[in-house]
Amino acid sequence: IEEDTVLSLGKFDGIHRGHELLLEHLSAKKECGLSAVIFTFDIPPRRNVSHVEAKVLTTNEEKRYMFEHLGMDYLVECPFTTEIMHMEPEQFIEKLVRQLHARCIVAGADFHFGHNRAGDAQTLRECASHYGYEVIVIGKKKEGDRDISSTFVREEIEQGHIGMANRLLGYRYFVTGVVAHGNQIGRQIGIPTINQLPPEEKLLPPNGVYFSRVRVGERTYRAVSNV
């Protein structure tokens with residue numbers, strides 16, 4: 001990236017209400033002339049580190065769609081390679097400044113990066129004057145007495161508490177996927193159906209029947225979805 005940027009780092013698995021203030025800072029800096037950049041990884045890091053096949057709230061394709069509609073200029077999906085895993089925090093910061101022209105870095109108070117998660121918000125502050133960037137650290141937003149997080153959202157969806165998950169997200173949880181054509185029997189009896197194949201890594205709610213809205217192109221239909 002050639003132009004100066006405001007950069008935010010994180011997993012962004014589920015772009016939820018806890019990210020609102022962070023995104024507001026990016027938008028404000030964008031109005032001051034910086035390009036807005038989201039830096040994340042192409043797969044959940046713990047898949048490589050802990051060998052856990054974690055289901056995701058938002059797939060890479062869904063993130064691209066959401067961040068584009070939120071007005072972000074760039075989405076960097078960094079490959080989570082062995083080299084990245086073992087990169088020291090200051091070396092990682094130097095790459096952000098040199099390759100992405102970061103002039104402002106916005107991060108959550110609990111954000112960690114670098115080898116063994118050794119880097120944190122304080123590391124970003126300590127390196128700011130040397131590398132010439134501004135740091136904005138965002139605190140946690142709460143729902144009741146608990147921090148809003150991807151883990152919190154995931155737990156609610158896994159328990160079938162879709163209303164609470166939607167409250168934490170700030171929008172209705174959604175699933176995208178390829179439509180697999182069936183025998184078209186439903187439309188013959190006045191009940192058209194869509195067989196949707198969501199990505200394998202996408203977190204689905206428990207098996208059951210749900211009130212839903214289905215969007216096909218620019219049209220939206222009220223529907224019943226069977227998981």
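Trainee: Which residues in H7 meet which residues in H8?

Mentor: In this predicted model, Phe152, Val153, Glu156 and Ile157 in H7 meet Ile162, Met164, Ala165, Leu168 and Leu169 in H8, where contact means heavy atoms within 4.5 Å. Local features need pLDDT of at least 70 and side-chain atom pairs count only at pLDDT 80 or more, while totals for chains, interfaces and linings use all residues. Residues are numbered from 1 along each chain as its sequence is written, and side-chain values use heavy atoms, leaving out hydrogens and water.

Trainee: At what angle do H7 and H8 pack?

Mentor: Helix H7 (residues 150-158) packs against helix H8 (residues 162-169) at about 160°, and their axes, which are lines fitted to C-alpha atoms over the stretch in contact, lie 8 Å apart. H7 and H8 are therefore roughly antiparallel to each other, a label given to angles over 145 degrees on a scale from 0 to 180 between N-to-C directions.

Trainee: Switching topic, which residues touch the most other members in the largest nonpolar core?

Mentor: Among its 24 residues these are Leu7, Leu9, Phe39, Leu96, Ile105 and Tyr133; such a core is a set of buried Ala, Val, Leu, Ile, Met, Phe, Trp, Tyr and Cys residues joined through side-chain atoms within 4.5 Å, with buried meaning under 20% relative accessible area for a 1.4 Å probe, protein chains only.

Trainee: And which element gives the most to this core?

Mentor: That is H5, with five residues.

Trainee: What does Leu7 touch?

Mentor: Leaving aside residues up to four places away in sequence, Leu7 touches Val37, Phe39, Leu96, Leu100, Ala102, Cys104, Ile105 and Val106. Apart from this core lies another, of 16 residues, including Leu23 and Phe67.

Conventions:
Helices (H or I, at least four residues) and strands (E, at least two) are DSSP runs, numbered from the N terminus. Angles under 35 degrees count as roughly parallel, over 145 as roughly antiparallel, 65 to 115 as roughly perpendicular and the rest as oblique. Buried means under 20% relative accessible area, exposed over 50%, partly exposed in between (1.4 Å probe, protein chains only).
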